[in-house]
Amino acid sequence: MPQEHRLILKHADQPGYTPDLECYLRHGGYDALKKVLALAPKDLPDGKKMSPQEQVREDVKASGLRGRGGAGFSAGIKWSLVDRKSGKPIYLICNADESEPGTFKDRQIIHKDPHQLIEGMILSCWANDVKLAYLYIRGEMPQGAKLLNKALDEARAKNFLGKNILGSGYDLEIYVHRGAGAYICGEETGLIESLEGKRAYPRIKPPYFPAVLGLYMCPTIVNNVETLCHVKHIVNMGAAEYAKLGTPNNTGTRIVSLSGDVKRPGYFEIEVGKVTIGELINDPAFGGGLCDGRKLKAIIPGGSSSKILKAGETFKLNRKGADGQMAKVDVPLLDLPYDFDSLMAAGTMSGSGAIIVLDDTRDIVEALANLAEFYAHESCGQCTPCREGSLWMSKALHRLTHGHGRKADADYLLHIAQNIQGRTICAFGEACAWPVLSYVKKFKDDFEAKGAADEAKAAAAKH
Amino acid sequence: MSAPATTEAKPAAPAAAPAPPLPSDKIKIKVDGREIEVPKMMPNWQGKMEPTTMLQACQLAAHEVPHYCYHPKLPVAGNCRMCLVEFGTPQMGPDRKPVLNEDGSPKIAKSVLPYEPGTPRGAIACATPISPGMEIYPNSPATKQMREAVLESLLINHPLDCPICDQAGECKLQEYSVEHGQAQSRFVEAKVHKPKAVDLGPRIVLDDERCILCTRCIRFTKDIAGDDALGIVNRGSYNTIAAWAEGKFDNNYTLNTVDICPVGALTSKDFRFQMRVWFMKETKSLCTSCGTGCNIIVGSREEKVYRYEPRQNDAVNSMWMCDSGRLNYKWIGRTDRLQKCGMRIAERGMLEVAWPTALKAVSAKLASAPTGSVAVIASARQTTEELFLLAKLAKRFNALTDSVARNGEGDKLLVNADKNPNSNGARLTGIAGPQLGVNLAKIADGIRSGSIRTLIVFGEDVTKHGIGADLLAKLDTLIVSDILPNATTAAAHFVLPGCAHVEKRGTFVNVKGRVQKFMKAVEAPGDARPEWEFLHELVHNVTGQNGFSTIEGLFNQMAREVPGFAGLEWAKLGDTGVTVQI
């Protein structure tokens with residue numbers, strides 16, 4: 001029986017668990033911080049010494065932790081890219097601008113266990129010699145910002161934060177910064193611009209890689225809320241023990257936001273890759289299945305920008321056979337393990353860990369029109385293909401869903417989307433093009449039928 | 001937001017700081033199949049050495065990569081995507097050694113979308129550094145397709161109002177549409193409508209529908225002019241350029257944004273709707289409003305000047321000029337310009353006469369003037385050649401000479417406190433000393449005491465500089481050349497109508513000693529003649545010395561005779577001038 005494995009959300013929903021410091025301390029809070037502050041330099045075989053900070057960085061790398069924000073990039077490698085020789089301060093930013101439609105995991109942590117995030121941040125800052133960090137929270141989460149500020153005050157009062165933390169000589173300050181309601185602020189360089197007080201226009205890479213030229217042109221680490229929380233558990237458990245959770249290259253746990261046409265929508269923390277998409281949708285421990293009498297139409301597997309998966313699709317995945325050899329195996333959609341690599345192999349992504357289920361009552365054209373409108377509204381408008389293309393697609397889909405479609409609109413949409421992906425400054429180009437490309441390709445008949453029907457109606461009206 | 005695999009390249013792990021490359025370091029790359037060696041580092045927009053970009057490398061290989069937002073003198077923005085090019089880099093094996101083809105040449109891995117390996121992934125040439133062995137394909141089908149797609153996107157919401165657009169004829173949208181565009185639009189939706197004829201500032205009008213949001217204007221005013229007055233409001237396709245408050249885009253450099261606007265979004269209130277650009281003649285010239293000597297292009301048609309635009313000269317004005325200098329041309333076309341030679345005859349007053357009559361009479365007067373009885377006041381707005389001839393004339397009489405100092409406010413960018421365009425020309429030719437104007441009081445004293453009986457004035461109203469009409473009335477002979485009538489021309493015995501700089505050729509020496517030439521754009525009105533031409537005749541008549549009747553010959557003669565110009569030749573001044581010691 002697949003089960004939740006609660007690591008991050010271990011206490012969050014327990015009766016009586018409150019977001020204040022006292023409660024957090026009763027549950028072993030800030031023990032990880034005390035643990036790292038007591039670490040001694042490690043002797044290496046070559047006679048050199050490895051600093052305690054470097055040890056934690058190595059642990060994070062060895063744990064296999066991958067970013068939980070969307071790209072799934074190795075957190076340890078991200079940290080290792082930081083320019084530590086520039087002489088400039090290193091900044092850390094917690095990306096709490098959770099705004100990918102369908103995603104509601106970070107807010108659980110922020111609202112129910114803010115100190116876990118703060119401890120994760122302090123550990124990550126300490127490990128990277130960061131003296132000043134920012135917590136960039138989505139503007140639409142005012143309560144979360146309030147809770148975090150309160151939690152920071154509490155941590156400061158107990159000297160988990162501020163000058164000379166717990167007598168270690170280490171200084172750190174964390175500030176909460178509220179966004180003003182733009183999806184693009186979740187893109188890390190857009191976030192940095194916004195934090196600098198500018199319009200959240202993502203930066204061109206090269207040359208503005210945050211690890212080298214980030215906030216105020218200084219080396220900067222940007223990590224997701226959930227990712228930073230995992231650092232605490234890696235410190236507590238040790239890298240090797242942590243890596244036993246999940247599956248190889250997809251270690252640890254992650255919180256899945258399940259929404260759409262299921263009986264039990266909600267968030268579920270699972271070991272990465274130990275639960276399949278079918279189990280997440282149908283198992284009583286998770287989604288509990290579709291509403292009675294409905295059939296599955298499609299799944300948006302990793303937030304609204306991920307490519308859609310159609311019911312009945314099968315995918316070629318590398319699997320170890322009975323003979324121990326790797327071989328390509330056909331895996332049906334519902335048997336896909338929910339992890340980074342399997343979904344990538346299926347041509348999509350696990351993104352922010354948000355699954356949206358569509359049953360057979362859903363009109364796929366309407367669904368895409370809805371998403372396209374969102375992306376047209378959220379395009380920052382900096383670079384041409386996305387600025388013009390996102391609204392173009394939205395207008396075409398509006399037409400198609402309001403009785404003025406054409407049969408040729410399916411190809412028209414593919415053409416527009418094809419000219420956006422891979423040609424923009426940031427990944428928003430993909431975010432707005434992928435839904436269009438995948439929905440239209442996989443449900444072309446639905447699009448063409450709708451357009452043809454409108455054309456027939458228009459032709460009849462002419463006569 | 002969720003972040004799918006990033007579009008741009010991942011950073012390389014920062015290696016241990018490598019030794020900074022020498023300026024001579026070169027990289028071998030291939031552009032459109034041809035191998036070329038390009039410098040590893042090239043100057044960026046500020047002139048600082050930075051890794052050479054694909055765009056710079058393509059330029060060196062004589063491949064112009066189309067672009068809108070990129071401007072060589074502005075920070076790189078990378079937003080228009082017009083310069084996307086397909087490229088490849090040497091493929092590396094697991095041993096970090098290049099993989100070789102069967103013929104031993106390095107195998108090139110073309111850049112592709114990580115999630116769709118069959119589709120090329122372009123890079124923006126303006127911001128992507130080259131690397132050894134890189135191959136750039138500026139003309140490949142994939143590159144062309146990317147350009148066409150960007151251009152299509154830029155045009156879908158554009159009003160396509162070229163017939164009534166001031167930019168028509170010098171518009172990058174038009175130019176690239178010819179090269180990369182499609183004759184028909186696929187776009188069947190309603191266009192986005194945005195504000196028209198927005199009053200951005202006292203000299204600038206904005207048409208937001210024509211704007212392609214390249215942000216050149218924003219970057220210019222923030223990073224060059226130092227006035228963070230412009231920005232973008234709204235988002236997505238509704239993005240709109242705006243000043244921080246309506247009409248508040250008002251620094252002395254705003255009109256440069258009209259020049260660098262690649263489309264017809266920003267127009268000059270002064271120039272809009274005045275003349276179609278393709279009818280205009282373009283003449284290389286100089287701005288005369290201060291001692292900086294900004295290089296300009298004079299736009300004229302049928303003997304009328306319509307506009308000044310800056311012309312690139314990195315030793316002087318980069319690619320910019322100030323608004324006050326740019327708009328200081330209207331006086332050239334004034335209807336009260338002096339157009340006839342005048343000669344005052346007792347009882348009959350001022351008579352209009354022809355040049356031969358006037359010059360003969362002036363020559364006769366001067367020929368009989370005793371040494372020491374003549375003074376010359378020559379404006380530092382006259383050309384160096386004219387000042388040189390006036391100095392020759394003055395020498396014949398051992399005359400007191402000077403120019404008028406003209407001081408005002410300067411700024412940090414281009415405007416100089418010296419408002420004369422040729423103060424250094426006056427100094428180098430000996431008309432004036434280091435401090436302009438110190439002799440004026442001596443000349444006034446000479447007139448008052450009666451020792452100075454003849455005064456020659458070129459281009460100044462001396463009544464405003466300490467030599468009033470009462471003093472002028474004491475002179476036996478007052479010979480004046482000017483462009484516009486004033487109190488001094490009114491008191492003159494002889495009036496010789498001169499030319500504005502756009503009506504003649506010559507040189508000015510700017511505050512830093514840059515000797516720069518300017519060319520003739522329009523004919524002078526009426527009988528007005530370039531001063532150097534009739535000065536050449538006067539000098540011959542009065543001193544008996546033969547001179548040159550061409551500006552080239554005159555300049556070269558001056559270079560031989562005046563030590564400050566030693567070694568110069570007209571032909572060697574080029575379009576951007578030569579600096580001399582001052």
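I started at a kink. α16(A) bends by about 25 degrees at Trp434(A). A proline, Pro435(A), follows within four residues of the bend. I noted that this is a predicted model.

Next I looked up the length of the helix. Helix α16 of chain A runs over residues 428-442, which is 15 residues. From its first C-alpha to its last I read a reach of 21 Å. That is close to the 21 Å expected at 1.5 Å a residue.

Then I asked why α16(A) counts as largely enclosed by the rest of the structure. I counted a residue as buried if 20 or more other C-beta atoms lie within 10 Å of its own. In α16(A), 13 of the 15 residues are buried, so the helix is largely enclosed.

I turned to where the chains meet. Here 56 residues of chain A are in contact with 40 residues of chain B. On the chain A side, the elements giving two or more residues are α13 (364-378), α14 (384-400) and α16. By class, the side of chain A that touches chain B has 23 nonpolar, 21 polar and twelve charged residues.

Last, I checked chain B as a whole. Chain B holds 14 helices and 28 strands. Its C-alpha trace spans about 95 × 55 × 35 Å along the principal axes. Of the 582 residues in chain B, 48% are buried. I also looked at contacts in chain B between residues at least 6 apart in sequence. Among these, 65% join residues at least 24 apart.

Conventions. Residues are numbered from 1 along each chain as its sequence is written. Chains are lettered from A and ligands numbered from 1 in the order in which they are written. This is a predicted model: local features need pLDDT of at least 70, side-chain atom pairs count only at pLDDT 80 or more; totals for chains, interfaces and linings use all residues. The expected span of a helix is 1.5 Å times one less than its number of residues. The bend at a residue is the angle between axes fitted to the seven residues ending there and the seven starting there. A residue is buried if 20 or more other C-beta atoms lie within 10 Å of its own, exposed if 12 or fewer, and partly exposed in between; C-beta atoms are placed from the backbone. Two residues are in contact if their C-beta atoms, placed from the backbone, lie within 7 Å. Ala, Val, Leu, Ile, Met, Phe, Trp, Tyr, Cys and Pro count as nonpolar, Asp, Glu, Lys and Arg as charged, and the others, Gly among them, as polar.
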